[in-house]
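Please open the structure in your viewer and keep the selection tool ready.

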Amino acid sequence: MSSAVLVLEDGRTFRGTTFGAQGRTLGEAVFCTGMTGYQETLTDPSYHRQIVVATAPQIGNTGWNQEDGEAASAQDPNKIWVAGYVVRDPARRTSSWRATGSLQDQLEAQSVVGIAGIDTRALVRHLRTRGSMRAGVFSGDALGTQDEMLQQVLDQPSMLGADLAGEVTTKSGYVIEPTVGEARYTVVAVDLGIKTNTPRMFAERGIRVHVVPSATSIEQILELKPDGVFLSNGPGDPATADANVALTREVLARKLPLFGICFGNQILGRALGRSTYKMKFGHRGMNIPVVEHTTGRIAITAQNHGFALEGEAGEEFDTDFGRARISHTCANDGTVEGVELLSGTAFSVQYHPEAAAGPHDAAYLFDRFTSTLEGADK
């Protein structure tokens, strides 16, 4: 194995060996606490332009398969969206009956530059203390002097102010039909970086889903005669998504039922008048507790976000569309994890109830939205 270097924007470096392709990659260094589900993580469009650090010490045991990809917007659901991958100990052999190849081979085939063999515990402690930051992984011909590599890291744009949803959205709309029976309802899903499992969760509930590009207008949505609208997860700074916020306000004005997750939660929050901010190091993993304040229910959730809505637990506030409240917060740090109109016509959560790799505590939210559609149908 040849040498590789991870360089952070504050000048801290970590030296290891190549993992995946050789070359250079730039992005924001973030850490993910999930112990499983690395294929779903790597193929999640929300990780676009991010160098993901795995806190699990060994990665790659189950190899790579053709079924678990989450890149719904790409022609290949196994397209890797992360900018780079940082691990401690890559598995030396693949051990799964579902595997069609190794993780190393897939990273190399998709030209994803990574690094292995570094002290990921020290790196994660550094990112928790200093916050997520710009970074670069260099290997092979891309290796240079410390100053040269650091300058390349500093020359890249920050995630703050990054408008990325348009880079991951579907180029043309497509339809996912219900898996059983006739369609009970039709939902238009605005693709801001949607994952494969989201339309599948709707389809299992008898809902036809029209997945449309992020730049779709309200007139184009209404032509599809939807019973409701869904705002998906996605990458980037929600403060840049003015067009999506304006679209959401048009949906709310027409009292169409609306459900959003992750980036969609931030878009709905902005449409209701709330502001957003960049978190110090974000939430990324599959073990994050969230409190639902109307019931006291706690769900262990999958999350991937570096931005959040302003607000306090249980806070109620006036909007142009009626009274609203902060419905969910993170039990760890109080971060806003959900917002809703008190009328029940629109709600969203910051976490991922469709998480294919688990946990599945929050899957009931798809049932809740189905009930909202039923109520609007009466």
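How much space lies in the largest cavity? The largest cavity holds about 180 Å³ of space. Here a cavity is a set of points, on a 1 Å grid over the protein atoms alone, where a 1.4 Å probe fits but cannot get out. Grid points are joined across faces, edges and corners, and a volume is the space filled by probe spheres set on the points.

The model is predicted: local features need pLDDT of at least 70, side-chain atom pairs count only at pLDDT 80 or more, and totals for chains, interfaces and linings use all residues. Residues are numbered from 1 along each chain as its sequence is written, and side-chain values use heavy atoms, with hydrogens and water left out.

**First stop: the largest cavity**

Select Thr41, Asp44, Lys195, Met286 and Ala302, which lie nearest the centre of the largest cavity among its 18 lining residues. A lining residue has an atom within 4 Å of a point. Next, colour helix H1 (38–42), strand S15 (276–292) and strand S16 (297–309), the elements that each give two or more residues to this lining. Helices (H or I, at least four residues) and strands (E, at least two) are DSSP runs, numbered from the N terminus. S16 contributes the most, with three residues. By class, the lining has seven nonpolar, seven polar and four charged residues. Ala, Val, Leu, Ile, Met, Phe, Trp, Tyr, Cys and Pro count as nonpolar, Asp, Glu, Lys and Arg as charged, and the others, Gly among them, as polar.

**Second stop: the second largest cavity**

Now select Gly234, Gly236, His305, Gly306 and Phe307, which lie nearest the centre of the second largest cavity, lined by 16 residues. Its volume is about 130 Å³. H9 and S16 each supply at least two lining residues, and S16 gives the most, with four.

Select helix H8 (residues 242–253) and helix H9 (residues 263–271), whose axes come within 9 Å and cross at roughly 70°. Axes are lines fitted to C-alpha atoms, for helices over the stretch in contact, and angles run from 0 to 180 degrees between N-to-C directions. H8 and H9 are therefore roughly perpendicular to each other (65 to 115 degrees). To see the contact (heavy atoms within 4.5 Å), show Asp242, Asn244, Val245, Thr248, Arg249 and Leu252 of H8 with Ile267, Leu268, Arg270 and Ala271 of H9. This contact has five nonpolar, two polar and three charged residues.

How values were computed:
Parallel < 35°, antiparallel > 145°, perpendicular 65-115°, else oblique. 1 Å grid on protein atoms, 1.4 Å probe; cavity = no way out; pocket = protein on both sides within 12 Å on 5 of 7 lines; lining within 4 Å.
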